[in-house]
Each structure stands twice: as C-alpha cells, then as structure tokens.
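Q: I would like to learn how to read helix packing, backbone exceptions and cavities in a model. Where do we begin?

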Amino acid sequence: MNNNDIESLKEALENSPDNIPLRLMLADKYFHLNQIETSELEYQTVLDMDKNNIRAKEGLAEIYFRRGKYSAVIVIVEELINRQKVTERMLVICAKSLVRQKSLEEAQDIYEKIINHNPDFEDKELDENLRMPSFNYEDDEFEDMPFGMEYDNEVDDKYYLMEKPDISFKDVGGMDHVKKEIDLKIIKPLENADLYAAYGKKTGGGILLYGPPGCGKTYIAKATAGQIKANFINVGISDILDMWIGRSEKNMQYTFEVARRNTPCVLFFDEVDALGASRSDMKNSSGRHVINQFLSELDGIENSNENILVIGATNAPWHLDPAFRRPGRFDRIIFVPPPDDVSKIKILELLLKNKPIENIDYNKVVEHTKNYSGADLQAIVDIAIEEKLTIAFQTGIPVPLTTKDLIAATKKHHASTKEWFNTAKNYALFANESGIYDEILKYVK
C-alpha cells in the first residue's frame, strides 16, 4: 500500500468518476496512510452518490472516532443498528464513544450485544468500564461495597439513617380506610404471628400506596413503623441509582440486607415508579437489571423477608412495571385520596396544635378547601402564620390565628390535586383492564 497504488486508483477514477467501489478503495488507502482529511472527502463523495452506502458510513465512523467526534459516531452506528447492518467493529467504537461521553447505561446496552454475539470478546477499555464485577456478601472482605463502605454491620446500617418513628396512627388525621388496610396486612400478622404460622403464612409483605402528591403517603408509612415499634428506612432514588454499571443492583441488594438484619423493619420506597418503571418502555438494559434485582429481593427467594414490611409510594402507578403487582410483592394496592372534610378538620387540628389560635371554626374553613391535599392544608396554615408574623415583628407580641386568617389564606393557595386527577381519570377510563383504578373513578364520581 503506497503512493503508486493511490496514483493508479486516481487515474482509474478520472476515467470512471462514478465508480463507487474504486472510490471506496481509494478512501480506504488514504485512511490507512493516515491521510484522514482526504479519506473523509472520498467517503463523503461516495455518500453523495449513494446516501445508504454502508461501507462509506463505516469509514466515516472510523474517522470520526479517531478525531474524537463521538456524537457523530453514535449517530452513524445507531442508524446501522436500526438497519440491522452493523458489524462488531462498529458496535465496539460506538460503545467506546458512549463510554467516553459518560453515557454508561447506553454503552452497557451495546456492550451486551457484543458479548452475546461473541462471548470471548475482550477489550481493556470496555471491560474495565462496563463488565459487571462479581460480588459476594458472604466474603470476609468485600472491597467494592455500595457507597464505598467496608462490610461492617454497625457502620453500614447507620448509613441508612434508620429510625424508630415516634409517631403512630393516632397522629395521622383521617385516612381511616388506609389505616384499616395496613392494620389487616401488616399489624395484625405481627401481633398474631403464631396464628399465621399455623396456616403456613409468613409475616411481612408489600403494600403500594398511590394517589395525588401531598396526601400523606410518606407520613402514613412512617406512622406504620411507629405503630409496630419497628425500624424505618426511607429509601430514596439517590440511595439506589448509581452512574457506575452494576452498582445500582448492588445498592438494591444491600438495602434489603440492612433491613433483614434489623427486623422488624419497614422499608419505604418513595417514588417507587422511578425504581420500578415499566421495562417495556426502557431502551437500555441497565434500568431493566435494577428492576429485576428489585423483584428478586421482593420475592425473597435466596433470603427470607419475614418481618420486613415493604411499602412503596407513587404518584404514577401506571408507570410501574406490572410485575410488581403480582402476589408476594406489592399485592395490596391502596388508593390514598385527598382527605375528606372530617379528615381535613383532624389535620388542621394537628397542624394548629400548640400554636396561638382563637375560636377556629374548622367547618367553615374546610368549606373553602375543595380538592385540598394534606400538603395544601399545611400551605394555608403557613401562609396564615406568615401574615401574623408580619404583625408580630412590629409589636413583639404573638397574634392568635383566627378563622378569617385561614380562609384568607385559601384565596392565596389553589388545590394542587386537580392536575393529577385529570391524568389519573384518563388511565382509569382507558387503561383499567384489571380494575386497579376503580377507586379513582369512585372518588371522581
């Protein structure tokens, strides 16, 4: 491969300028001689003549990869994948481009395609960044624990900020039907463990709370732990999801391990739909791995989940993978609506407890709180207090809250649940084959 070859090809192209195979040969030779700009020009000329020419696109992808134009590489290879005309080499440079752009989830998806096609594939850069390390929680030393911690029960468990809540059902205003469901599913089994054992039933299980935001799902979960004097772990998205491949699954597994070491324990997953979104909607494999790990932990196949009470909360149950609703997982699904009038009065009484008030007519206030959530009630109390503080700053004397103050606050704050019900009603009407959203329709009617 030398300049004589180049000159011969150029001469042939002068006589046959539309000869695509000759032009591709010339472009390849320029590339191997590291004459990148000239090579790119020839590949581009081919694409001008044949916009679907795969070899020219592969050549441009190689050039862009060498130049560090990783976004262009990804676009080209994604098109080849969609056309099912992609080679292993193209998948490799696409995966490397994604790694270098820190798009590790997408890179993992491409990497798995390569491994599935060629189990013996090895590449130092991809293996170091994407190959999932094996791990064993029974090892004496485990250097790659979640959150960078060593395997020390006391230290690790404290990281989760476990607490024993000092609130119980008596501190929850209203929500009587929710309390009843939780009592039957969680509290009664713990109080009558021997009876359950006689029937071969284990204590523990899962409940999914859903409804508009601000209606007390988190509060009722914490009150449940307080009611049974159990440990409480509030698991957020950031506690599980991690940018490093395989780390999220390990975090999920280790979270359940902490709960198993500290039973009875209420394991509360807020915004559970973010961790258990429908797998059919996912384009990358990383998210599916996390969901599969979550489902495996809920099943408790390898480890007993007895006395672990898993409560999930979501504002969007329609985004949750259906597999979570199977028996043994979140098998009790409870709609948590905005509080009714009686519950609103109880909530307001709790919110105003130990605050300076004067002859509050709760019924009259509630008349102005249609569609209000518990969080909305908290908002009007805060607004009313801020107005009173403005006066107190001038006089130095606390001024009691009145019915008039609270009603005035309702005019400054609108119900936050309306938008949620507009969306939920559509799902209840058109995507309710299993009947899980019947409670929404009853509430709306």
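A: We begin with the term contact, which means heavy atoms within 4.5 Å. Keep in mind that this is a predicted model.

Q: Which residues of helix 5 meet which residues of helix 6?

A: On the helix 5 side they are Tyr70, Val73, Ile74, Val77, Leu80 and Ile81. Their partners in helix 6 are Met90, Leu91, Ile93, Cys94, Ser97, Leu98 and Arg100. By class, this contact holds 11 nonpolar residues, one polar and one charged.

Q: At what angle do helix 5 and helix 6 pack, and how far apart are their axes?

A: Helix 5 covers residues 70–82 and helix 6 covers residues 88–100; the angle is about 140 degrees and the axes are 9 Å apart.

Q: Why are helix 5 and helix 6 called oblique to each other?

A: Angles over 145 degrees count as roughly antiparallel, and 65 to 115 as roughly perpendicular. The angle here is about 140 degrees, so helix 5 and helix 6 are oblique to each other. Their crossing is left-handed.

Q: How do helix 10 and helix 12 cross?

A: Helix 10 (residues 176–191) and helix 12 (residues 217–227) cross at roughly 45 degrees, and their axes come within 11 Å. Angles under 35 degrees count as roughly parallel; this pair is therefore oblique. The crossing of helix 10 with helix 12 is right-handed. Helix 10 contributes Val178, Lys179, Ile182, Ile186 and Ile187 to the contact, while helix 12 contributes Ile220, Thr224 and Gln227. Sorted by class, these residues are five nonpolar, two polar and one charged.

Q: Is the crossing of helix 19 and helix 20 left-handed or right-handed?

A: Helix 19 passes helix 20 in a right-handed crossing. The contact brings Ile380, Val381, Ile383, Ala384 and Lys388 of helix 19 to Asp405, Leu406, Ala409 and Thr410 of helix 20. Six of these residues are nonpolar, one is polar and two are charged. As for geometry, helix 19 (residues 374–395) and helix 20 (residues 403–410) pack at about 115 degrees, with axes 8 Å apart.

Q: Now the backbone. Is the peptide bond from threonine 263 to proline 264 cis or trans?

A: The angle to read is omega, which is near -5 degrees for this bond, and the bond is cis. Proline 264 lies in the loop between helix 14 (247–261) and strand 3 (265–269).

Q: How many cavities of 30 Å³ or more does the structure hold?

A: A cavity is a set of points where a 1.4 Å probe fits but cannot get out. The structure holds one of 30 Å³ or more, and the volume of the largest cavity is about 40 Å³.

Q: Which residues line the largest cavity?

A: The lining is made by Leu208, Tyr210, Pro317, Leu320, Arg325, Ile333, Ile436 and Tyr437. By class, seven are nonpolar, none is polar and one is charged.

Terms used:
Residues numbered from 1 in each chain as written. Predicted model: local features only at pLDDT ≥ 70, side-chain atom pairs only at ≥ 80, totals over all residues. Heavy atoms only, no water. 1 Å grid on protein atoms, 1.4 Å probe; cavity = no way out; pocket = protein on both sides within 12 Å on 5 of 7 lines; lining within 4 Å. Points joined across faces, edges and corners; volume = space filled by probe spheres on them. Nonpolar A, V, L, I, M, F, W, Y, C, P; charged D, E, K, R; others polar. Axes fitted to C-alpha atoms, helices over the stretch in contact; angles between N-to-C directions. Helix = DSSP H or I, 4+ residues; strand = E, 2+ residues; numbered from the N terminus. Left-handed = near helix turned anticlockwise from the far one by under 90°.
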